[in-house]
Amino acid sequence: MFKAILIDKADSGQNVALTDIEDERLPAGSVTVRVAYSTLNYKDALAITGKSPIVRSYPMVPGIDFAGVVEHSDDPQYQAGDQVVLNGWGVGEKHWGGLAGKARVDGGWLVPLQAPFTLRQAMGIGTAGYTAMLCVMALERNGVKPESGEVLVTGAAGGVGSVAVAILAKLGYTVAAVTGRPQESDYLKALGAHEILDRAQFSEPGKPLAKERWAGAVDVAGGHVLANVCAAMRYRGTVAACGLAAGMAFPATVAPFILRGVTLAGVDSVMCPRADRLEAWRRLASDLDPAKLDGLTRDIALDGVIAAAGEMVQGRIRGRVIVPVG
Ligand code: NDP
């Protein structure tokens, strides 16, 4: 038996509870992992609250991330005792996920724990942090360098945003952080932001083109926020877009793209190829200051996850949440 959060369909909506589950109910997969830590991402919060249709089949154990120790493996790449990490691949959406004492998955979905991280630090980073790294890599691929000019991070006090600010600052970029929580200004400055901007300036419909300011941007918001960010990009700047915290819509014009050569680089972590994942984890090991990582994480026990999911969809969780499981 192991403990897990379980989401089940109900007459109206869904039921979510912390439950005991027998090992025999684990789904098919080549590697069984004793989960040591999981985490809470925005997508998990949407699944647990039922706010968006993340869960594809019921009953479902949510949790798009886990870090743990291999208990049994039919995959030659892994042996019992190996420390492994999982991010995405539809786990926690259509395959039972990481908010549980055990998980069984396809070995091809796992990556070995990246040295020098601990299992706990890997979940401090989680999908949000690894996506922040993918966003930074997208900016770099498109030629955005520290000397190119200021870079902007939206949703900065959230998980992706906090890690993006910390990485970009460590790499020497001048980072402006957009937040709806001015009370988090000191926190964002401690992560390395040089300027804090009020989210309200970005949330209303704006002009197709605004004064050129940003050489690069990491956007977790979508909606008018993304449209306004695109409008204020410098000539040939790049926006890495990964989220929809402000909405799925993209109410923009083509002006920034056809008049300023702006690049909108989409970032997906779920189906991201293995080579890019491994590169992102290597880069996190070199470009994320462990002291800053400690400063942006906090623990929530498995029995506190359902309440925390409600707070997260309201934008009230700062930084990253680690869920100790084992
Ligand atoms: P968090 O909940 O930790 O952070 C989201 C942040 O967005 C909030 O903290 C808040 O920051 C900001 N925000 C909330 N509501 C609004 C709004 N209406 N307008 C503008 N900003 C808002 O979530 P994550 O960091 O884990 O994820 C962020 C987004 O990225 C989500 O949409 C998530 O689905 C997406 N994502 C996508 C991935 C991919 O593979 N493409 C992978 C991981 C995440 P503040 O208070 O500072 O304003």
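Modeller: Trp 89 lies in the loop that joins β5 (83-87) to β6 (102-105). The model is a predicted one, and in it the phi of Trp 89 is near 60°, a positive value in a residue that is not glycine. Most residues other than glycine have a negative phi, and most peptide bonds are trans.

Between Tyr 58 and Pro 59 the peptide bond is cis, and its omega is near -10°. Pro 59 belongs to the loop between α1 and β4 (65-73). A cis peptide bond also leads from Ala 115 to Pro 116, here with omega near 5°. The loop that holds Pro 116 runs between β7 (110-112) and α2 (119-141).

Two packed helices are described by the angle between their axes and the distance between the axes. For α1 (residues 42-49) and α10 (residues 305-313), the angle is about 110° and the axes are 8 Å apart. Angles of 65 to 115 degrees count as roughly perpendicular, and α1 and α10 are therefore roughly perpendicular to each other. The crossing of α1 past α10 is left-handed. On the α1 side, the contact is made by Tyr 42, Asp 44, Ala 45, Leu 46, Ile 48 and Thr 49; on the α10 side, by Ile 306, Ala 309, Gly 310, Met 312 and Val 313. Sorted by class, this contact comprises eight nonpolar, two polar and one charged residues.

On the scale of the whole chain, the division is into domain 1, which consists of residues 2-113 + 296-324, and domain 2, residues 127-266. The centres of the two domains, taken over C-alpha atoms, are separated by 29 Å. To the contact between them, domain 1 contributes eleven residues and domain 2 contributes 14 residues. The side of domain 1 that touches domain 2 has three nonpolar, five polar and three charged residues.

As for annotation, the unreviewed UniProt entry places the feature "domain: Enoyl reductase (ER)" at residues 13-323.

Conventions:
Residues numbered from 1 in each chain as written. Predicted model: local features only at pLDDT ≥ 70, side-chain atom pairs only at ≥ 80, totals over all residues. Domains from an automatic or database assignment. Contact = placed C-beta atoms within 7 Å. Nonpolar A, V, L, I, M, F, W, Y, C, P; charged D, E, K, R; others polar. Axes fitted to C-alpha atoms, helices over the stretch in contact; angles between N-to-C directions. Helix = DSSP H or I, 4+ residues; strand = E, 2+ residues; numbered from the N terminus. Parallel < 35°, antiparallel > 145°, perpendicular 65-115°, else oblique. Left-handed = near helix turned anticlockwise from the far one by under 90°. UniProt positions renumbered as here; feature names shortened; annotations may be inferred.
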